[in-house]
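Take a look at the structure shown here. Keep the sequence at hand as you read.

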Amino acid sequence: MSKLSLLDIIGPIMLGPSSSHTAGAVRIGNLAREIVAEEIEEVKFHLHGSFKETYQGHGTDKALLGGLLGLSTADPKIKNAFELAEEKGIEFDYLPVELDGVHPNTAKLEIKDRTDKTTTIVASSVGGGSVVIKQIDGINVDLNGEYHTLITLHQDKPGVMAKISRVLEEDELNIAFMKVLREYKGALATAVIELDHNLTTKKLRAIKEIAEIKEARIIKPVK
Amino acid sequence: MYDFKTINGLIELAQKEELSIPEVVILREQELSERSEAEIRELMKKNLKVMKEAAQKGLEKDDLTSISGLTGGDGRLLAEAEKDGKSLIGAVISQAVAKALAIAEVNAAMEPIVAVPTAGSCGILPAALLTVAEKYEKKEEEVIDALFVASGIGLAIAQQASVSGAEGGCQAECGSAAGMAAGAVVYLMGGDHNQLASAVAISLKTVLGLVCDPVAGLVEVPCIKRNATGASNALVAAEMALAGIESVIPVDEVIVAMKKVGDALPNELKETSLGGLAATPTARKIENELTLNN
């Protein structure tokens with residue numbers, strides 16, 4: 001765990017009533033927006049556990065949607081998230097779900113964007129406004145949105161990670177955390193690389209040009 | 001290195017370096033965040049502004065209601081009674097309690113607040129501090145310094161125990177907030193290091209074992225009224241400490257005891273709404289009604 005800042009004690013400035021059910025929900029929405037990175041057409045929020053039981057009383061519904069619209073945890077407009085989404089022509093719905101082995105404050109977001117692509121994101125609000133993106137499209141990523149994060153989908157071959165780090169190294173981009181996950185040897189693997197600084201568009205392109213890389217995206221940190 | 005893990009560590013560092021407690025807390029943050037002192041002070045000033053606005057909104061808005069419809073308007077009710085000369089306990093405590101209710105009600109109404117240390121306990125520190133600051137006409141910079149003192153206390157509690165109700169019960173949330181407020185008020189009133197440490201210890205000791213049992217899982221019942229008693233707890237502890245009353249058990253030992261009590265609390269009493277007030281017949285009835293309304 002990183003060292004506590006005094007801003008963890010006094011703050012954040014946020015809309016009530018709950019750091020986990022409201023502020024954390026906004027951050028889940030913010031991160032989902034970053035991950036999708038396209039105009040959103042429709043979203044289904046599948047709510048699990050305590051999110052399912054108390055989402056209206058905590059404003060979790062408005063918080064998730066407001067976050068997806070790009071509002072910050074302290075933005076009073078979150079209270080009008082339903083109206084704002086309607087103005088933008090975004091359809092939204094809240095549904096109960098039972099997910100296995102997840103934190104009680106978990107939501108599964110099914111987001112259809114204007115390119116007709118659907119992205120599925122599973123995220124948990126783990127306390128004090130901190131969140132963890134557990135899965136993107138079924139792939140375990142476990143990222144917390146505190147770093148610039150590079151996510152790749154690549155062929156599981158020796159040397160791919162070295163090629164990626166070479167690109168990062170050229171810009172002296174320091175890797176804070178990194179994990180590589182694969183379903184089975186030689187198949188497709190995912191790397192989640194959390195960086196201290198942002199990756200330029202040029203660098204992202206260089207990564208995408210690596211022969212074994214199928215997909216690569218960068219997710220900016222959210223406050 | 002300006003790091004500390006305990007209240008005693010914070011005080012020793014201040015004495016050794018001949019610095020004030022706010023200075024040590026700011027230097028620690030500068031090392032941690034690479035922000036300048038001016039930036040850190042500016043952030044705290046912003047926090048203070050939101051605290052004041054929340055108190056004002058809670059006391060003045062005549063239709064303040066939580067999203068669930070369960071709560072709202074109690075801070076205003078008490079403030080009016082006090083203004084009408086009907087206070088039993090005196091202006092300072094009565095006004096602080098009214099502000100604590102008001103800010104916690106603003107939180108439940110999905111309005112902006114500062115989580116100190118959490119959203120559920122957001123009324124305690126601002127209520128105690130702002131009331132004392134108004135009464136004794138303290139300057140804004142002095143109040144901001146007191147907020148840094150409160151942060152230092154909160155950091156010491158969070159590093160030795162917890163400030164989360166789900167981990168340690170309400171003692172960790174409203175208790176920590178009261179400890180932070182008690183120490184900040186002692187600092188604002190010119191108390192010394194020992195008095196500050198005693199105030200934190202006394203306020204925490206009185207709520208050891210306090211459970212977290214929110215009705216229907218919402219940050220409303222009993223949270224809002226526990227903010228009220230948290231603010232009065234802070235002021236009573238500060239009053240005792242400033243008079244020279246000491247805590248027999250040193251403050252950091254109290255914090256560790258709070259951690260152990262929190263660990264010993266069953267999960268039913270740690271924000272799960274399975275025990276305590278949340279499991280009473282009335283709470284269950286409220287829960288059912290809220291579900292039906294959905």
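What follows goes from domains to chain contacts and then to aromatic rings.

This is a predicted model, in which local features need pLDDT of at least 70, side-chain atom pairs count only at pLDDT 80 or more, and totals for chains, interfaces and linings use all residues. Residues are numbered from 1 along each chain as its sequence is written, chains are lettered from A and ligands numbered from 1 in the order in which they are written, and side-chain values use heavy atoms, with hydrogens and water left out.

Start with chain A. It splits into domain 1 (9–143) and domain 2 (148–219); such bounds come from an automatic or database domain assignment. The C-alpha centres of these two domains of chain A are 26 Å apart. In chain A, 11 residues of domain 1 are in contact with 10 residues of domain 2, where contact means heavy atoms within 4.5 Å. Together the two domains of chain A bury about 830 Å², with 62% of it on carbon and sulfur atoms. Buried area is the accessible area (1.4 Å probe) that two parts lose on being put together, summed over both.

Now turn to the two chains. Here 28 residues of chain A are in contact with 42 residues of chain B. Chain A and chain B bury about 2800 Å² between them, 67% of it on carbon and sulfur atoms.

Last come the rings. Rings of Phe, Tyr and Trp (its six-membered ring) pair if their centres lie within 6.5 Å; planes under 30 degrees apart count as stacked, over 60 as edge-to-face and the rest as tilted. This rule gives six aromatic pairs over all chains. Phe45(A) and Tyr94(A) are stacked, 5.1 Å centre to centre with 10° between the planes. Phe45(A) counts as buried because its relative accessibility is 0%, and buried means under 20% relative accessible area, exposed over 50%, partly exposed in between (1.4 Å probe, protein chains only). Tyr94(A), at 15%, also counts as buried. Ring pairs link Phe45(A), Tyr55(A), Phe82(A), Phe92(A) and Tyr94(A) into a cluster.
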